[in-house]
Amino acid sequence: MTDTPVSPSRSDTAQAVKAGLRRRYAAERRFKAYGIAAIGVALLMLGILFGTIIANGWSAFRQTYVQIDVLVDAAEIDPDGNRDPKILSRGDYEKLIKLSLREIFPDVKKRKEKRELYDLVSSGAAFDLRDDVMADPSLVGQTVSLWVPASDDIDMFMKGYISAEVAEDERRVSDKQIARIESLREQGRISTGFNLRFFTGGDSREPELAGIAGAALGTLWTMLVVLALAFPLGVMSAVYLEEFAPKNRWTDIIEVNINNLAAVPSIVFGLLGLAVFLNFFGMPRSAPLVGGLVLALMTLPTIIIAGRAALKAVPPSIREGALGLGASRMQMVVGNVLPLAMPGMLTGAIIGMARALGETAPLLMIGMVAFIVDLPKNPLDAATVLPVQIFLWADSPERAFVERTSAATIVLLVFLILMNLGAVLLRKKFERRW
Amino acid sequence: MLLLVLTIVLLALTAAGFRIGRGRALALVGGRPKDLSALPRYYGWYVALWGFLPTIAVVALWLALQPTMIETLVIGGLPDELRSLPDSQTGLIYNDIRNAIAVGRLPDDPRLADAAAHYASLIGRAPLVLSALSVAILLAGAGIGLRLVTPQLRARSRVEKIVRGLLLVSSTIAVITTIGIVLSLLFEALRFFQLVPITEFLFGPKWSPQTAIRSDQVGSSGAFGAGPVFAGTMLISVIAMAVAAPVGLLSAIYMAEYAAPRVRAVLKPLLEILAGIPTVVYGFFAALTVAPLVRETGGLLGLDVASESALAAGAVMGVMIIPFVSSLSDDAIAAVPNSLREGSYGLGATQSETIRSVILPAALPGIVGGLLLGVSRAIGETMIVVMAAGLAANLTANPFEAVTTVTVQIVTLLTGDQEFDSAKTLAAFALGLMLFLVTLTLNIVALYVVRRYREEYD
C-alpha cells in the first residue's frame with residue numbers, strides 16, 4: 001500500500017485560486033475604500049472647520065447702524081462758549097446721545113424703559129460724537145445727523161442670531177426693544193453697512209466696538225522682529241554648516257541639536273522667554289520685541305533646515321567653476337552659491353514665518369494676553385497678536401464675540417494663505433532643474 | 001524711536017567707514033589697485049568691521065545690563081531704613097518708583113522722592129549716554145582699522161576670517177537656545193523640588209496648585225502630585241492618536257499606492273492645509289463646535305458627557321496630527337523600492353495583499369517614527385487643550401469626562417499675576433521640564449527607530 005502523494009492537478013490549483021478570487025477582490029475593494037474613506041474624513045473635517053468659521057464669521061464684516069439726530073447743546077459741553085478743546089473733550093456726550101434717543105421715542109418715561117432705550121445704541125456712540133465735535137468745533141450748537149453703531153445685542157438681533165420667537169426672558173432683546181427697532185426701521189433710521197471699525201479699532205469690552213487693528217499691529221511688530229533676527233541668523237547658520245563647517249563632533253552636536261530644537265513644543269520656548277528674557281534680563285512684559293525674540297528662536301531651526309536644503313541643491317559644478325576661476329571659498333559662497341540658493345531660503349523663511357504668525361502658546365507665557373485698547377506704536381509697547389486676540393475673544397461670553405472671533409480667524413487664515421501662496425509662487429518661479 | 005535713529009546713524013557711519021577705508025587703501029598706492037594685496041573693497045570692509053563689531057557688542061551688552069544696573073543704582077540711593085529691607089521688599093519699592101515715573105508723577109511715599117528723581121534722571125540720560133558711547137566706539141574702532149590699512153595688509157583673508165567667525169557664532173545660537181531651555185527649566189524645577197519632593201510630584205495622586213493665602217481658606221491645600229495631570233495628557237494623546245493614526249496611515253497608503261499622480265497632486269496639498277492651520281483656530285473650533293456636538297450626541301445616547309470632555313479636545317487634536325502622520329508615512333512608503341512591489345505582483349498577490357504583507361512591513365520603521373513624532377506633537381500641543389479641555393485634574397480613563405494636561409496647567413499657572421518664587425509658579429517649570437524631557441525622548445527614539453531599523457535595499 002504505497003500512497004503516492006496526490007499532487008494536485010493544474011486544474012485543481014486554478015479552481016482553488018478561482019474560489020478565493022472573489023473574496024480577494026472584495027478585500028481589495030474594501031481596502032481601497034478604507035483609503036478613500038480616510039482621506040474623505042480628513043477633508044470633511046477640513047471642510048467643516050472652514051465652513052463653521054466662515055459661516056460664523058462673515059456677518060462680523062457688517063454692522064448695524066442707527067441714525068440719530070443729536071443737538072450738540074452748547075450749554076452742555078461748552079458752557080463758557082470759547083471752544084476750548086480741553087473743555088470740549090470733557091463734555092457729557094452720552095447725555096446728548098440719550099436726549100436724541102428720547103426725541104425719537106418721546107413716550108418713554110419709566111426708568112427701565114429708558115435704560116432699554118439707551119441700550120439700543122453702542123456706548124461708543126458718545127465717543128464718535130466727541131471725536132466729530134473735537135475735529136470740527138463749529139458743530140457745537142447745531143443738530144448733527146449721525147450714524148452710530150447699534151449695541152451688540154441689537155446687532156445680533158438684526159443679523160438673525162437672536163430669534164423673536166424665543167420667550168422674552170430667555171433672550172437678551174426685550175419685546176419693547178424689538179418694537180422700537182421696527183419703528184426705527186420704518187423711519188429708515190436703521191441700516192447695515194460695512195464694519196470699518198473692526199479693521200481700524202483696538203480691542204474693547206464692547207463687541208460692537210472691538211477691532212483687530214491693535215492685534216494686527218502687534219503681529220506686524222512681532223513679525224518684523226522675527227524677520228530681522230531669524231532670517232539673517234538662519235541663513236548664516238545654514239551657510240556655515242553647509243559650506244564651512246569641518247566634519248567633527250561639534251558640528252554633529254549642532255546638527256542633532258537643530259533637528260531636536262525643531263521638534264520642541266512651542267510652549268517650552270515660552271518658558272524660556274519668561275525665565276531668560278523677562279526674569280533674567282528684565283525686559284518688559286507683553287512687548288512685541290520679546291514675543292519676536294521668542295518666536296525667532298522657535299523659527300530659527302526651520303529656516304536653518306530649509307536653508308541647508310537649498311544650499312545642497314546648488315550643484316557642485318557651480319562651486320567648482322567659481323573655485324577654478326580663482327575665487328576664494330567665501331567669494332564662491334557669497335557671489336555664486338548664495339544667490340542661487342536664495343529663493344529656496346526665502347521659501348523656507350516664509351513658511352517658518354507663517355508658523356510663527358499662527359503661534360499662540362509661547363506668547364501667553366510672556367504676558368501678551370493683556371487686554372490692550374491702544375494701538376502699539378513701537379515694539380516696546382504692550383501689545384497682543386492676532387492669534388492671542390482670537391484666544392481672548394473666544395473666552396468672552398457675549399454672542400457677538402463668537403462672530404468676531406470667527407471673523408478674526410478668517411483674517412488670520414487669509415494672511416496665512418497669502419504667505420503660503422507667496423512661498424509656492426516663489427518656488428515655482430525660481431525653481432531650477434540642474 | 002531714539003534707538004531707530006541711533007541704528008541708522010551707526011549704519012551710516014559704518015558705510016562711511018567702508019568708503020574711507022577703500023579710498024585710503026587706493027590713495028596709499030596712488031590709485032593703482034594692482035599694488036594692493038587685496039581688492040580695494042576688502043580694505044573698506046576691514047575698516048567697517050573694525051568700527052561696527054565692537055559697537056554692536058557694546059550696545060547689546062548695555063541693553064542687556066541696563067535694567068539691572070539702574071535698579072542697583074536706585075536701590076543703593078534709597079534711605080538706609082529702606083535699603084536694609086529684604087530683596088523682595090526693595091524690589092517692590094523699585095517697582096513703585098518705576099510705575100510712578102512711567103505715568104509721570106512722584107511716588108506716594110515721600111521717602112522715595114529722591115530715589116524717584118534719581119531713577120527719572122537715569123532713565124532720561126541712559127539713551128543719550130548710550131548713543132554717545134556707541135558713536136565714540138564706532139569712530140575709535142574705525143580709526144584703529146584705518147591706521148592698520150597698509151598696501152601689504154592681507155585684507156581679504158582678514159575679512160573672510162572675521163565673517164567666518166560670525167557664521168560660526170550664529171550657528172551656535174541654536175545650541176545656546178537649547179542650553180538656555182535646559183538651564184532655565186532645570187534651575188526653576190530644582191527650586192520647586194526643594195519645596196515638593198520629586199517622588200510626590202511624579203506619582204502623587206492629587207493636584208491642586210492653589211496655595212492658601214490665608215491658613216483657614218477652603219480648598220487651597222496646595223497639593224502638587226502631578227499624577228492626574230500626566231494621566232490626562234496621556235488620555236488625550238491616546239484619543240488623538242486613535243484618530244490620527246488610522247486616518248493618516250490609510251490616507252498615506254491610498255495616496256502613495258492607489259491615487260493617480262494628478263489626484264495626488266491635489267489631495268496632498270489639501271491635507272497639508274490641516275497642518276498649516278494655527279492651533280488656536282483648532283482650539284476655537286473644538287470649543288465652539290465639536291465639544292457641544294460631542295456633549296449632545298452623548299446626551300442622546302444617554303451618556304453623561306462633560307462640556308469640556310477629553311474626547312472633543314482629543315479628536316480635534318487628532319485631526320491636527322493627521323498630516324504629520326500621513327506625510328511621514330507617505331515618505332516611508334515611497335522609499336520602498338519598486339522591485340519589492342513587482343516581485344509580489346509577479347507572485348500573484350493583489351495590490352492590497354502586496355501593501356499589507358510586503359510594503360507595510362518594509363516601511364514599518366518610518367511609519368513608527370512618524371507615529372512617535374505624532375505622539376510628541378500631541379503631548380506638547382497647547383492651545384487646543386487650553387481652549388477645549390478642562391482645568392480640574394481628574395484621574396480617569398473615561399473620555400467623556402474632563403481632564404487636564406501638562407500644557408494646560410503650565411498656561412494656567414503662569415498667566416495671571418503672581419510672584420515668581422511661589423511653588424505654584426515653579427511647578428509650571430517642573431511640568432515644562434517633564435514635557436521637554438518626554439518630547440525630546442520621543443523625538444530621539446523616533447529618529448533612532450527610523451535609522452536603526454531601516455532596511456537597506458540598494
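This is a predicted model: local features need pLDDT of at least 70, side-chain atom pairs count only at pLDDT 80 or more; totals for chains, interfaces and linings use all residues.

**A helix pair, then the chain contact**

Tutor: Let's start in chain A, where the axes of helix H5 (residues 111-118) and helix H8 (residues 175-186) come within 10 Å and cross at roughly 50°. As for handedness, H5(A) and H8(A) make a right-handed crossing. On the H5(A) side, the residues that make the contact are A:Glu113, A:Glu116 and A:Leu117, while H8(A) brings A:Lys176, A:Gln177 and A:Arg180. Sort the residues of this contact by type and you get four charged, one polar and one nonpolar.

Now step out to where chain A meets chain B. Chain A puts 72 residues into that contact and chain B puts in 77. Between them, the two chains bury about 6500 Å², with carbon and sulfur atoms giving 78% of that area. Looking at chain B, the residues that lose the most area to chain A are B:Leu167, B:Phe284 and B:Phe285, and together they make up 9% of what that side buries.

What about salt bridges across the interface of chain B and chain A? The rule finds one. For a salt bridge between A:Arg24 and B:Glu353, have a look at their closest N and O atoms, which sit 2.8 Å apart.

Methods. Residues are numbered from 1 along each chain as its sequence is written. Chains are lettered from A and ligands numbered from 1 in the order in which they are written. Side-chain values use heavy atoms; hydrogens and water are left out. Axes are lines fitted to C-alpha atoms, for helices over the stretch in contact, and angles run from 0 to 180 degrees between N-to-C directions. Helices (H or I, at least four residues) and strands (E, at least two) are DSSP runs, numbered from the N terminus. A crossing is left-handed if the near helix is turned anticlockwise from the far one by less than a right angle, and right-handed if clockwise. Contact means heavy atoms within 4.5 Å. Ala, Val, Leu, Ile, Met, Phe, Trp, Tyr, Cys and Pro count as nonpolar, Asp, Glu, Lys and Arg as charged, and the others, Gly among them, as polar. Buried area is the accessible area (1.4 Å probe) that two parts lose on being put together, summed over both. A salt bridge is a side-chain nitrogen of Lys or Arg within 4 Å of a carboxyl oxygen of Asp or Glu.
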